[in-house]
Amino acid sequence: MKATSHWLLVAVFCGVVVFPILWGIRTSLSPEYERSFLPSRPTTEHYQRIVSQGRFYRYAMNSAVVSVGSLIIVAPLSLAAGYSVARFRSWGNRAAPILLALPLLPVVTFLVPIARYLNLIGFYDNLAALIVANSAFCIPFCVWIMRNFVHSIPRSLEEAALLDGCNRWNLLWRIVLPCAFPGLMAVTVFVLVQVWNNFIFAYALTSDQNLQVLPKAVVGFIGSWRTNWGGLMAMGVLTLIPPVIVFQILQRWFVAGMFGWSTK
Amino acid sequence: MPAHKRQVSATLLFIPAFVLVVLFWCVPLIPGLSLALRSPGEAGSSTRWPSLLNYSRLLGEQTFRHNLVLSLIYVVGVVGMSVPASYAACSLMSRSARGTNWFRGMLLVPWAIPPVVSALIFRNLAGAEIAPLTKLYRLVSGDPNLLPLQDSFWAMLTVIVHSFWRSVPVMTLFLAAGMTTIPKELHEAAQTDGATPLQRFLHITFPLTRMHLAVGMLLITAFTLQDAETVYALTGGGPHHGTEVAAVRLFKEAFDYGQFATAATIGSFLLAAGLVFMLLYLAAFRRAEVTL
């Protein structure tokens with residue numbers, strides 16, 4: 001009896017979580033004006049139309065460049081800063097909680113001045129600017145994840161290496177990096193998902209059609225007069241597949257990062 | 001290693017991340033706030049600075065007061081719905097070891113989906129004539145011709161439900177982290193003493209996850225308050241300002257209408273709220289580090 005109600009509740013939760021996604025997929029496979037819940041004649045025409053257009057590949061490429069570019073910046077910076085906070089007593093230690101609290105400030109407020117700055121230095125409409133903005137946004141959280149993972153590495157390991165004549169930089173490279181690998185995986189998930197999904201930086205900091213990223217292109221589907229829902233949902237499904245897959249593969253590490261963060 | 005050398009390497013390691021963050025989060029503050037204090041002068045004359053004209057104009061405007069009220073409704077709605085649902089999800093996760101990983105992966109999927117994509121899915125779920133949410137709303141309201149996104153109440157409810165759907169994973173993770181810190185023996189002892197599940201929740205689970213709950217609620221409040229993109233994609237602030245929370249108003253003023261001074265003025269209100277959350281967060285954080 002108890003087990004039954006337990007599994008019933010689990011089923012309800014899963015149903016609520018999955019239902020909107022299924023609806024999106026259903027709409028992307030339905031011809032226009034489909035009235036039944038399961039499309040009577042499923043069609044892939046919306047996908048075919050999108051995939052046959054060169055623009056889609058350009059947007060996907062832009063999204064990938066910005067996501068991977070941000071990861072390349074964030075991973076080393078957060079590893080170094082996280083190590084510093086975890087292992088040394090210095091001003092970085094005191095600055096760390098404030099660093100972590102900064103993302104509570106409303107990011108929309110900063111968009112106008114940031115766009116103006118970028119205009120001033122000629123970086124408006126540039127994927128590099130998107131990479132830097134996204135990186136700055138992700139770093140506080142990632143430093144924290146890395147700090148927690150470095151904390152869990154036994155100090156004696158490093159002391160032994162130091163006694164054997166290893167210098168600090170080698171230590172970071174040979175000992176800390178391999179041990180902090182799960183932390184880097186957690187950072188990877190966070191950055192790839194967060195940056196790929198980001199809409200407001202792309203909307204605020206770029207206007208060139210050729211520099212669109214996927215979430216912005218999806219919103220662009222909303223018509224002022226009539227919206228092509230099949231096409232929009234097909235685009236939406238194609239946009240959500242990569243982050244969901246990355247997340248499912250690396251989920252274990254991400255959750256460990258979160259747990260480490262809040263249990264410490 | 002000598003003390004000063006340690007200081008140097010600590011600083012060297014920390015500084016690149018620090019510089020990037022300060023450049024992004026702190027430097028835009030000053031020009032952003034100064035923009036709010038700039039007001040257009042009398043017809044044709046140049047702009048005046050500093051002036052509180054933007055503030056008095058906005059505060060005197062009924063639409064803006066409505067924006068603020070909607071923001072409040074949005075935050076209270078999302079937090080109020082996520083907390084009980086997250087505790088429920090959490091207890092489902094911890095009770096059975098079997099299938100927990102699978103369930104957790106499932107539960108976290110909404111977090112990984114692009115917010116604008118899920119918002120647009122909800123726009124379709126409540127916008128299309130034949131969509132399930134539309135049908136549900138019609139059933140509940142008793143109005144067979146209800147168009148939810150054309151009605152302020154149902155549109156706002158949809159916005160809240162969507163953010164609730166997205167925020168449950170984060171909240172659940174926080175609470176789950178808190179629950180792992182509770183020793184198993186506590187629950188076992190209470191159980192042998194004949195405590196009901198409700199009593200165990202009220203006297204063990206809730207008090208011992210209080211700090212985690214506080215931090216999770218704070219995060220969700222801050223992120224809901226500043227959320228412009230999902231509301232923008234779901235309703236565009238409509239019907240007729242019916243879902244125009246302050247963050248969406250800001251976003252539209254800045255990027256759809258080019259009214260940067262107005263946007264900056266709204267921004268300073270959100271910023272003030274954000275600073276309060278930051279201080280609360282730091283305080284909660286300090287206590288959590290001591291007590292956990």
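User: In this predicted model, which hand does the crossing of α6(A) and α9(A) have?
Analyst: Let's start with who is crossing whom. The pair is helix α6 (residues 127-151) and helix α9 (residues 181-197), both of chain A, and their axes lie 9 Å apart. Their crossing is right-handed.

User: And are α6(A) and α9(A) roughly parallel or roughly antiparallel?
Analyst: The two helices pack at an angle of about 160°. Angles over 145 degrees count as roughly antiparallel. So α6(A) is, relative to α9(A), roughly antiparallel.

User: How many nonpolar residues does the contact of α6(A) with α9(A) have?
Analyst: On the α6(A) side you'll find, among them, A:Phe141, A:Ile145 and A:Phe149, while α9(A) brings residues including A:Val187, A:Phe190 and A:Val191. Three residues of this contact are polar and no residues are charged. The nonpolar count is twelve.

User: Which residues of α14(B) make the contact with α5(A)?
Analyst: The crossing of these two helices is left-handed. By class, their contact has seven nonpolar residues, with no polar and no charged ones. From α5(A) come A:Val108, A:Leu111 and A:Val112, and from α14(B) come B:Ala247, B:Leu250, B:Phe251 and B:Ala254.

User: Zooming out, which helix gives the largest share of the side of chain A that touches chain B?
Analyst: The whole contact takes 72 residues from chain A and 75 residues from chain B. By class, chain A's side has 53 nonpolar, 16 polar and three charged residues. The largest share of that side, 16 residues, comes from residues 229-263 of chain A, which is helix α12.

User: What distance separates the centres of domain 1 and domain 2 of chain A?
Analyst: The domain assignment puts domain 1 at 1-43 and domain 2 at 54-263. Six residues of domain 1 are in contact with six residues of domain 2. On the domain 1 side, those are one nonpolar, four polar and one charged by class. Taken over C-alpha atoms, the centres are separated by 31 Å.

User: Last one: how exposed is B:Leu23?
Analyst: B:Leu23 sits in helix α1 (residues 3-25) of chain B. A residue needs 20 or more other C-beta atoms within 10 Å to be buried, and 12 or fewer to be exposed. B:Leu23 has 14, so it counts as partly exposed.

Technical notes: Residues are numbered from 1 along each chain as its sequence is written. Chains are lettered from A and ligands numbered from 1 in the order in which they are written. This is a predicted model: local features need pLDDT of at least 70, side-chain atom pairs count only at pLDDT 80 or more; totals for chains, interfaces and linings use all residues. Two residues are in contact if their C-beta atoms, placed from the backbone, lie within 7 Å. Helices (H or I, at least four residues) and strands (E, at least two) are DSSP runs, numbered from the N terminus. Ala, Val, Leu, Ile, Met, Phe, Trp, Tyr, Cys and Pro count as nonpolar, Asp, Glu, Lys and Arg as charged, and the others, Gly among them, as polar. A crossing is left-handed if the near helix is turned anticlockwise from the far one by less than a right angle, and right-handed if clockwise. Domain bounds come from an automatic or database domain assignment. Axes are lines fitted to C-alpha atoms, for helices over the stretch in contact, and angles run from 0 to 180 degrees between N-to-C directions. Angles under 35 degrees count as roughly parallel, over 145 as roughly antiparallel, 65 to 115 as roughly perpendicular and the rest as oblique.
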